[in-house]
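The following note is meant for a colleague meeting this structure for the first time. Please read the numbered points alongside the model itself.

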Amino acid sequence: MPTSSVPPSYKVLVTGGTGFLGQALCQMLLSQGHRPTLWVRDAAKAERLYGQTVRAVTSLDALAPDEVFDAILNFSGEPVLGPRWTPARKQVLHASRSGVTQALVNWVARAQYKPRLLLSASAIGYYGTQPPGDPTALGEDASDQPIFMSELCQRWEQAAQRMASHGVAVATLRLGVVLGEQGALPKMLQPFRFGVGVQMGRGDQVFSWVHLDDVVGVVGLLLARLHTTPDALPSGAYNLTAPLPITHSEFTQIAGTVLRCVVALPVPAALLDMLLGDQASLLTEGQRVVPQRLLGEGYRFRFEHFEAALRDIEQRRG
C-alpha cells in the first residue's frame, strides 16, 4: 500500500461529515489541504464544527451540473444501537445507509463529470454472527447471512457498487467497532466509569475493533491512490478492523484494569434480550474479523492491541 501523502488538490464530497467518523475524516482532509464539500441535514451544525473551512449543502440539487469531485467519502448512517428494531426503525437504518448511497449514485449518473473513486462505509455485521468458540477468522471472502445486520450491510454495499457502472472505482470498508472518544465505546465503558465493570453475556463472543486513528489512516492511504494509475485505484471490500480481535471477557478484564475498577458478574444474555430485543445480538454475539487485504497490501496498524488503544483514548480524555 502506498505511504506517500495525498497531493493537496482534491475536491471531495463527504456524507456523514458531522458524525463521529466524519469529523475525524474531514479534519484529515483539511489538514492535507483538500477541499471537502459536506452533504448534511444540518448546515448550522457543520458551520459550528468547521466554520467557513468547508462547504456544506443540504441537498444534492444544490450542486451545479458541472460540479467536479475527485472522490466521494460516504460515511452516513444512523446508529444501529438505540431504539428497538421495529419495522419503522429498520427502515430508518436502511434509508440512512443504502438510501443515501443510492441518492449519491443517482447524482453521479446525471453529473457531467464523474468522480474517480468512492470510499463507502459498511460494517462487519455483513458477516452475521459466529457460533461460540468458533476459531474461524473471517476475511473479505467470508459469506453473509440472512439476518438483519447482514442484510443491512448487503443492501448498503450493493447500492455503492452501482456507482461502478458510471466508471467510478468503488471500495467498501467493513468497519469493526471504532474506538474513540465518541461512538460506541463511551457507552460500553459507562458502567466501568461508575466503578463496576460488567461482562455482556457469555464472554466468549469475539469483539472485532479498530482505533479511530487507523480508520483515518486507511482512508487517507486509499484516497492517496488517486494520484496513481486507474488500475491501482482501490476496489472491492476491505475489512477495517485491528488484526488482533479479542473476546468480550478480555474486553472486560482489560477495561477493568485500565479504568481501575471492580469487574462484576456477567449480565445474562436473556436479560439483554429482554431489554434490547433483537439488537442484543450486537453485544452477545460476535465475529472474528481480520483485515486480510490491508495486511496483504502492507498497511501497518498503529494500534494492534486493544489495551494500547484503550490507554491511548483514556490519555486523550485527560
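1. V218 is a buried residue, with a relative accessibility of 1% (buried means under 20% relative accessible area, exposed over 50%, and partly exposed in between, with a 1.4 Å probe and protein chains only). Its place is in helix α6 (helices are DSSP runs of H or I with at least four residues, strands are runs of E with at least two, and both are numbered from the N terminus). Leaving aside residues up to four places away in sequence, V218 touches L240, L294 and Y299, where contact means heavy atoms within 4.5 Å. The C-alpha atoms of V218 and L173 are separated by 9.5 Å, although the two residues are 45 residues apart along the chain.

2. On the basis of the model: this is a predicted model, in which local features need pLDDT of at least 70 and side-chain atom pairs count only at pLDDT 80 or more, while totals for chains, interfaces and linings use all residues. Residues are numbered from 1 along each chain as its sequence is written, and side-chain values use heavy atoms, with hydrogens and water left out.

3. On confidence: pLDDT is the predictor's confidence in each residue, from 0 to 100. The chain has a mean pLDDT of 93, and 97% of its residues reach 70 or more. Residues 2-6 should be read with this in mind, as pLDDT stays under 50 there. For that stretch the model has twelve contacts beyond four places in sequence.

4. Helix α6 also holds L222, which counts as buried at 0% relative accessibility. From L222 to E250 the distance is 32 Å, C-alpha to C-alpha, and the two are 28 residues apart in sequence.

5. Strand β6 (residues 169-175) contains A169, a residue that counts as buried at 15% relative accessibility. Beyond four places in sequence, A169 touches R116, L117, L118, L233 and P234. D66 is 103 residues from A169 in sequence and 20 Å from it in space, C-alpha to C-alpha.

6. Helix α1 (residues 20-31) has twelve residues and spans 17 Å from its first C-alpha to its last, close to the 16 Å expected at 1.5 Å a residue; the expected span is 1.5 Å times one less than the number of residues. Nine of the twelve residues are buried, so α1 is largely enclosed by the rest of the structure. Among these buried residues are F20, L21, C26 and L29. Just after α1, G33 takes a positive phi of about 85°.

7. A positive phi also occurs at R260, a residue other than glycine, where the value is near 55°. Most residues other than glycine have a negative phi. R260 is found in the loop between α7 (248-259) and β13 (262-263), and counts as exposed at 76% relative accessibility.

8. How many salt bridges does a search of the whole structure find? There are 14, a salt bridge being a side-chain nitrogen of Lys or Arg within 4 Å of a carboxyl oxygen of Asp or Glu. One of them joins R225 and E297, at 2.6 Å from N to O. R225 lies in the loop between α6 (212-223) and β11 (236-240), and E297 in the loop between α10 (292-296) and α11 (306-317), so the pair ties together parts that are 72 residues apart in sequence. R225 is buried, with a relative accessible area of 9%.

9. R202 and D204 also form a salt bridge, again at 2.6 Å from N to O. Here R202 counts as partly exposed at 41% relative accessibility, and D204 counts as partly exposed at 33%.

10. In helix α11, R316 and D312 are four residues apart, and therefore separated by about one helical turn. Their salt bridge brings the closest N and O atoms to 2.8 Å. R316 counts as partly exposed at 40% relative accessibility, whereas D312 counts as buried at 12%. Both belong to a network of salt bridges that links D213, R302, D312 and R316.

11. Finally, a nonpolar surface patch is formed by L271, M274 and L275, with about 300 Å² of accessible area together. L275 lies in helix α8 (residues 269-276) and is exposed, with a relative accessible area of 53%. Patches are made of residues with over 30% relative accessible area and no salt bridge, like charges being joined within 9 Å and nonpolar side chains (Val, Leu, Ile, Met, Phe, Trp, Tyr) within 5 Å. Accessible areas come from the Shrake-Rupley method with a 1.4 Å probe, and for residues only the protein chains shown count as cover.
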